[in-house]
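This briefing concerns the salt bridges of a predicted model.

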Amino acid sequence: MKNTFLTLAIASTLFISCGEDDTADIIINNTDNSVTNIVNGGGSTDPGAETIYISGTYTSNLDLLAKNNYILNGALVMASGTTLSIEAGTTINALASGSDIYIAIAQGAKIEANGTASAPIVMTSNSTAPKAGDWGGLILLGKAPINSVSSGTSTSEIGGLPYGGTNAADNSGTIRYVRVQYSGGKADGQSENNGFSFYGVGNGTTVEYIQMFEGLDDGLEFFGGTVNVNYVSVINAQDDSIDWTEGFSGNVTNAYIKQGVDHDKAFEADGYNTDIGNNASPKFWSAPTITNATVYGFAADIATSEAIRLRAGTKGIFTNIVLNDFGKGTELKGDGGDNPTGTWAVDKTLHLNDITFNNVTTKVVNQTAATFTEADLVSGIGNGTGTDYATWGAGWTVN
């Protein structure tokens, strides 16, 4: 694809460059500085606003301003060494065209998306009748450890972009008060977008006050990495609300999950990607810490629903959790070989502390090779109070 350099006079100069890749050219319309109204009620009503189409691979920084109306009309990839800066209150409307419409922050690039409670950043569908799966989602790719490769990097499901490495403190920027809506467009059964996809993202990255609303796939998925995420809202994820694999070892603190009619697990936890293997040397498994979580299942599905599925040798410490309306509170799957989930329950590197089960039929289901009691896995039953979503989620989230 030819290099494209366009300059558009708005409040200040917006400089955009497009390198060579397989995504669409960057297109900016209204070169006569006219104003075009967009659908779905998003974007600015400022009389000086421009409607700007964005896509392509950017080899220089890109600044998005709240006064403008942005339409994402293809894959937007920020190349290494660049920064995507998004002003508080900015809305990005994505074409409702499925999996090929997404924003990716490549290894070595950064996003600085600093919304506020009164002016969140919103990434949504431009459809007049938006629905889950209209577009892809937000993808971050870092250089933190993953266990799907013995060394070097792996490539992402969507976009085939490299991720992983040895820098646990890698910094992909800041995401604060960001809401992703109607995401999860699927390329096929094996290549799926999530609301937020974290591929080998390091703990130098700041992620707090984020929401996924109405997604066709997972709300958040972690593919290895060490990133810490605080204040997370997932509403109506049609697959798993929070999913991890490939050796994820970060923290998730203050999580609120509400399932809708279509859903899978609230937490789906894998120690490694079973389609690829645990190829790290020495081997390691996912071992995150989950603190302060309130989860609401879909009450009509209690007979068949699971809140927390733990498998493929995942470790993890859950503390101060409230589970509402599930058939199974926790289900463990594993064996005595590469999937020692039950072993971790015995040695308490997989454990749930201070957990309250409300309208949950069975608290623990053990489908592993290890023998352990409910008390080995769970302590402080009835002591969980969850997270104060009414306070920290006020004003910037939707339900």
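Glu306 and Arg309 are both buried. These two residues form a salt bridge with each other, in which the closest N and O atoms are 2.8 Å apart. They also belong to a network of salt bridges that links Glu306, Arg309, Lys328, Glu331 and Lys333.

**The pair Arg309 and Glu331**

- A salt bridge joins the side chains of Arg309 and Glu331, with an N to O distance of 3.2 Å.
- This pair links distant parts of the chain, as Arg309 lies in strand β23 (residues 306-311) and Glu331 in strand β24 (residues 316-333), 22 residues apart.
- Arg309 has a relative accessible area of 15%, and it therefore counts as buried, the limit being under 20%.
- Glu331 is likewise classed as buried, because its relative accessibility is 1%.

**The pair Asp264 and Lys265**

- Asp264 and Lys265 form a salt bridge whose closest N and O atoms are 2.4 Å apart.
- Asp264 has a relative accessible area of 26%, so this residue is partly exposed.
- Lys265 is buried, because its relative accessible area is 7%, which is within the range of under 20% that defines burial.

**Overall count**

- How many salt bridges does the count come to? The count comes to twelve salt bridges, among them the bridge between Glu306 and Arg309, the bridge between Arg309 and Glu331 and the bridge between Asp264 and Lys265.

Key: Residues are numbered from 1 along each chain as its sequence is written. This is a predicted model: local features need pLDDT of at least 70, side-chain atom pairs count only at pLDDT 80 or more; totals for chains, interfaces and linings use all residues. Side-chain values use heavy atoms; hydrogens and water are left out. A salt bridge is a side-chain nitrogen of Lys or Arg within 4 Å of a carboxyl oxygen of Asp or Glu. Buried means under 20% relative accessible area, exposed over 50%, partly exposed in between (1.4 Å probe, protein chains only). Helices (H or I, at least four residues) and strands (E, at least two) are DSSP runs, numbered from the N terminus.
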